[in-house]
Amino acid sequence: MKKFVSFTLVFSLVLTLIFSMTSPSLAETDEFTQEDAASLESAQKKLDEINKRQNQLSSDINKYSSQKNSEVKAKQALEQKISATEEKIDTIEWVLDNLETRLQEKNAELEFAQLEYDEYYEKYVARIRENYEMGTSTYLEVLLLSENFSDMLTRYDYIRDMMDYDKQLLESMQENITFIELLRSDIIADQQMQNQALSDLTEEKKSQSSQVEELKERISYISENIDELRDEQEEFARLEAEFEAEINKLLDKKKKYAGGAFMWPLDSKWKRISSPFDWRTYKGKKEFHYAIDIPADKGSPIYASADGTIIYYSWTNTGGGNKCVIDHGSKLVTHYNHMDAFVPALKEKFKVNGSVDVKKGDIIGYVGTTGNSTGNHLDYKILYDGTAVNPADYVTPDGSTPKKDIMDLLKK
């Protein structure tokens, strides 16, 4: 199977070339020039292209994942059928073993019955021959040895009864032989039937196993495609981050922070931090968490920490799910991840204008568990000049004075 060719590298080079042509290096001055405006527009367009490709990649991954799940289910179903077929084969083999044992027993019984019949038949024939050869003398001897007529009849009846007994016994023995042969024939017929069933089941298992191997190959191929798409997705996530950083720098030149302390992004009752700004183990890997996680009920309102402009208000493929990014000016930016839903009015304005101005305390979304999340919470991040800082140092749930003043960041 031939894999599809990823165009990440080509697309990355094209975007880098365009970006290098349209984005001048930032001047030391904080003035926002026409050249900056052109660069900002170009970077935003490229970011839109990246997001479109990201959405397409997510769609392709979902499609392949769905296909893989279907193939895996089909494989599991076939493996269950193989197990059932193997159980049937084991049962038939057990039946055949028993039939073979019974057949050997019947062969032995038949051989013994036939031998017994033959021996008795030889004796019976010998007596008949002896009586025939003796002829009249035998009957005369019976007559002379008899004390009276009644005794003679008794002796004669005895001889006749002996002959009848021999004949009946032989007939009974012959019937027994015939019965054993019939049982033996039934066993052989049953063996033939079971052997045919065994042959059919063996072919069925062979076919099922072949189908399983084909499914394994398809699953492997799909998995490789998914891995390639995810690699491409990671590359586009890197490009997305680069363009977002450049856009933020350009916007910072255009806008100044209004001042004042940042506010806690949720209602004060949601004050527990489940995952701090620190090293942690996530999905078996050790990583640094550049934000704080604040658990809250699904649908709880999320507030803008300060005046600013929403510069990103959409789904992100980098794990944040429904994401809001606010540029507060002077290189200060806040991120709000895993939102359950956007504010419809803000979403519509952002769709039309590409940005939305908000005030400190405005509701910008609602708590959820979208993206790479294990429960309802807000992943809250503060960045200054592209570097994450610990939000717990600059905001408090009860509005008390934080450990550090946000304004001190601007003096660095």
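**Hairpins, strand pairing and a helix residue**

User: Which residue has a positive phi in the turn of the hairpin formed by E1 and E2?

Analyst: E1 and E2 form a hairpin with two residues between them. Strands here are DSSP runs (E, at least two residues) and helices are DSSP runs (H or I, at least four residues), both numbered from the N terminus. This is a predicted model, in which local features need pLDDT of at least 70 and side-chain atom pairs count only at pLDDT 80 or more, while totals for chains, interfaces and linings use all residues. Residues are numbered from 1 along each chain as its sequence is written, side-chain values use heavy atoms, with hydrogens and water left out, and the residue in the turn with a positive phi, of about 55°, is Lys283.

User: How many bridges join strand E1 to strand E2, and which residue is the bridge partner of Tyr282?

Analyst: Strand E1 (residues 279-282) and strand E2 (residues 285-288) run antiparallel and are joined by four bridges, where two strands count as paired if DSSP finds at least two bridges between them. Within E2, the bridge partner of Tyr282 is Lys285.

User: Which residue in the turn between E6 and E7 has a positive phi?

Analyst: Strand E6 (residues 321-329) pairs with E7 in the antiparallel sense over six bridges, and Gly329 has Leu332 of E7 as its bridge partner. The two strands form a hairpin with two residues between them, and the turn residue with a positive phi, of about 55°, is Ser330.

User: What is the strand order of the open three-strand sheet, and which residue is the bridge partner of Ile302?

Analyst: The three strands lie in the order E4-E10-E8, with antiparallel pairing. Strand E4 (301-303) and strand E8 (341-342) are the edge strands, each pairing on one side only. E4 pairs with strand E10 (residues 363-366) over three bridges, and in E10 the partner of Ile302 is Gly365.

User: Why is Glu87 classed as exposed?

Analyst: Glu87 lies in helix H2 (residues 34-145). Glu87 is classed as exposed because its relative accessible area is 55%.

Technical notes. Buried < 20%, exposed > 50% of the residue type's maximum accessible area, 1.4 Å probe, protein only.
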